[in-house]
Amino acid sequence: MPPQFVTGRPDLKDVKENSRKVAKIRGLPLRMIKNLGQTQTDEFLKLPITQQHTKLSFHNNCSFLQRTYKKVTVHGNRQDEAGELLQEEVELWSQDPVECVKELIGNPAFKADMDYSPARAYADHVGQHRVIDEMWTADWWSNKQKALPEGVTIAPIILSSDKTTLSQFQGNKSAWPVYMSIGNIAKAKRRQASAHATVLIGYLPADKCSLAGYRLFHHCMALLLHPLIAAGNDGVDMVCADSWICCVYPILAAYIADFPEQCLVACCKENCCPKCLVAAAERGDAQDSAMHDFESTKDILQRSLHQVHKGVFKDHLVRWCQQIIGEEEMDACFKAMPDYPGLHHFKKGISAVKQWTGSEHKEMQRVFIGLLTGAVPSWVLVVAHSILNFSYYVQLQIHMTDSLEGLQTALSVFYTNKDVLKELSIREHFNIPKLHQLMYYIQSITLFGAADGFNTELPERLHIDFAKDTYHASNKWDYEEQMVLWLQCQEAVFLQGAYLDWLAQEPLSAASVGCTVQNMYDSDLDSDSVPEETEAATPNTTSAERLQMMHILAKTPVHPHRSVQDIVTSHAVQSFIRKNLPGCTVVPGVQDHFDVYWQVVILSEGWYLIVAVAGLRVAQVRVIFSLPRQFGTYTRALTYIEWFTPFRTPDPAYGMRQVSRSSRHCCWNSAVIHVDEIIRPCHLIPKMGPSLSVAVSDAEVWFSLVQEKLLRMPNVTARLVQLLS
């Protein structure tokens, strides 16, 4: 009998009831793993219904653990009484990386973020300006694809490892997790820890740093990745996220690690380069050297953004500048930096900070060049500017030909002017391995894509979920076994919950489609239901109305009905009202009251994101207000500003423009403009000089970039602007 299909829209009541049932079912595993111990778990696995319907590869906790760890024998360099080398057995906890690749490439949650073949992207139709962002737009994937049969798919394996400490305050408990992801998944999805696009494939023995420990690392990594050899040579049929079955070749492409582990993988000392054979005395020069012979360390080792922020900027550039201007003087400059929304203010300086984070390094970089202006010689400023230019170029999520040329230019400027630090007796040489590795960022970006997809911040974040939280859930004795069991339960709950969510979305999507079809014929439509009418109505709006849509004020003013005297006192607006102006018939007096707003929200879209400053001018916003009713109905809010001078030519040493306050008739040059004439806020940094002797207040100062043009307002409003300006 053929199957029967029921047409029509599902009942929303049934859909909601099923969703509630799914939610209850999903909460059951969460309660089970919290309330059931090992004995109860074994009894559950021995139930006939569990064995018949689940068909697990293990029947109790012991058999599960036997499948996930191996005993590895380590031979030391000391002998016992019998003259034999001492040995010790350690545990390697692992899971099959090929099975992890199947899970990642077949996860339907990644369907919209998955790609299966290399591609070339260009910013123009001619194909002259190439775009490199994701891994499939770079050269490594396309070069490997040419060597494989037609129609197959490559799964670029991205490994990362980082040894971390588990015990707090005291103790020597540590773990060495190894994570894996694939380059088919978009880098934005891989960076999300909650997306589970990067999985844990094993715990390495956390041995001490010794020759035997280094050999143990390579031996365990060989055991851990051994299943990838056959799969990478012959290919494996896998069900992909788009429900197609493809022959997938999992090939190791990238290894993300900090500098010590890069040297460990490359089998070299930490004072050597893990990619090339450059001599120690020649690392400070920009010259090409012979690469390592073995392919694994020549291509897969990735340069980390953390290495630029901390290894180059914080550990070297900041220290050099502190030696020039003094530690106390640099702290005073950071303290005197004006506040700005979204900008970290180092109120106590930087010398007292002992533990730094990656975000704090980035916040220092945002103000560092302005802080050094006038405090260090101009050639030192050129060196600092080149390093920060390199740092900002390498952080770009999308690279083009111009950005790669900018990277090379910044690096060339640094190598050309770095000898000024020798002349100031700051450095004797530049044979620094991390500085030398800046030469290979362009090569890595061209081969594997933008550097933000290969950052060590994600593995450090995953340490919380896969190492630290799991350790604290154990009894701190034989903790690795308990950590694996705890992670197994957590992963089972996550997979079950994701599956139930996927089931719950199926009927909901059908219901939403039915509702959408029905609403297309309803008379009371929302504005979002008819996009054609909305788009057609937008071009009919005036330019001023479109600008007003980008500026949002509070519905209710923070300070309603403020008198003129309060405005003058609170906002330092001395010339808010000028009496007896010729030709004015309406003059606001002290009895008038204005509604004052605290802030305006500017939504940056389209051309508002352009960095060019042509036609713009800096002004300080003193007060945002609206006109009283006695002056007529006028919906556009106004703001009282004080102008700064036009932008000067950028300084050749550091590329920043200088401005100063504009005066007129021995007073500050002020004006009243529309709020929607403000393009974007900006942050002005005071020129510090060689010594900071003038006290700078901690009050917040707001500056904005506004359009430099005259305002034309009708009737009474125009006269009021003349009075207030």
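These legends accompany several close-up views of a predicted model.

**View 1. Helices H12 and H13 pack at an angle of about 105°.**
Here we look at the meeting of helix H12, residues 305-325, with helix H13, residues 327-335. Their axes lie 6 Å apart, and the angle makes H12 roughly perpendicular to H13. On the H12 side, the contact is made by Val318, Cys321, Gln322 and Ile325. Facing them from H13 are Glu327, Glu329 and Met330. Sorted by class, this contact has four nonpolar residues, one polar residue and two charged residues. Do take a moment for Cys321, one of the H12 residues in the contact: Cys321 is buried, with a relative accessible area of 1%.

For context, the count for the structure comes to 14 salt bridges.

**View 2. Asp452 forms a salt bridge with Lys187.**
In this pair the closest N and O atoms are 3.0 Å apart. Are the two partners buried or exposed? Asp452 counts as buried, at 7% relative accessibility, and Lys187 is buried too, with a relative accessible area of 6%.

**View 3. Asp452 also meets Arg191 in a salt bridge.**
Staying with Asp452, we now turn to the side chain of Arg191, with a distance of 2.9 Å from N to O. This pair again links distant parts of the chain, 261 residues apart. Asp452 is in the loop between H19 and H20, and Arg191 is in the loop between H7 and strand S8 (199-204). Arg191 is partly exposed, with a relative accessible area of 35%, whereas Asp452 counts as buried.

**View 4. Salt bridges that share partners join Arg120, Arg130 and Asp139.**
These three residues belong to one network. Side chains of opposite charge can pair when their charged atoms come close.

**View 5. Ser174 and its contacts.**
Ser174 lies in strand S7, which covers residues 174-182. Which residues does Ser174 touch, not counting those up to four places away in sequence? The contacts are Lys163, Thr164, Thr165 and Leu166, together with Ala206 and Tyr479. At 13% relative accessibility, Ser174 counts as buried.

**View 6. Cys247 is in no disulfide.**
A search of the whole structure finds zero disulfides. For Cys247, the nearest cysteine sulfur is that of Cys246, 8.8 Å away; a disulfide would need the two sulfur atoms within 2.5 Å. Cys247 counts as partly exposed, with a relative accessibility of 23%.

Definitions and conventions:
Residues are numbered from 1 along each chain as its sequence is written. This is a predicted model: local features need pLDDT of at least 70, side-chain atom pairs count only at pLDDT 80 or more; totals for chains, interfaces and linings use all residues. Side-chain values use heavy atoms; hydrogens and water are left out. Axes are lines fitted to C-alpha atoms, for helices over the stretch in contact, and angles run from 0 to 180 degrees between N-to-C directions. Helices (H or I, at least four residues) and strands (E, at least two) are DSSP runs, numbered from the N terminus. Angles under 35 degrees count as roughly parallel, over 145 as roughly antiparallel, 65 to 115 as roughly perpendicular and the rest as oblique. Contact means heavy atoms within 4.5 Å. Ala, Val, Leu, Ile, Met, Phe, Trp, Tyr, Cys and Pro count as nonpolar, Asp, Glu, Lys and Arg as charged, and the others, Gly among them, as polar. A salt bridge is a side-chain nitrogen of Lys or Arg within 4 Å of a carboxyl oxygen of Asp or Glu. Buried means under 20% relative accessible area, exposed over 50%, partly exposed in between (1.4 Å probe, protein chains only).
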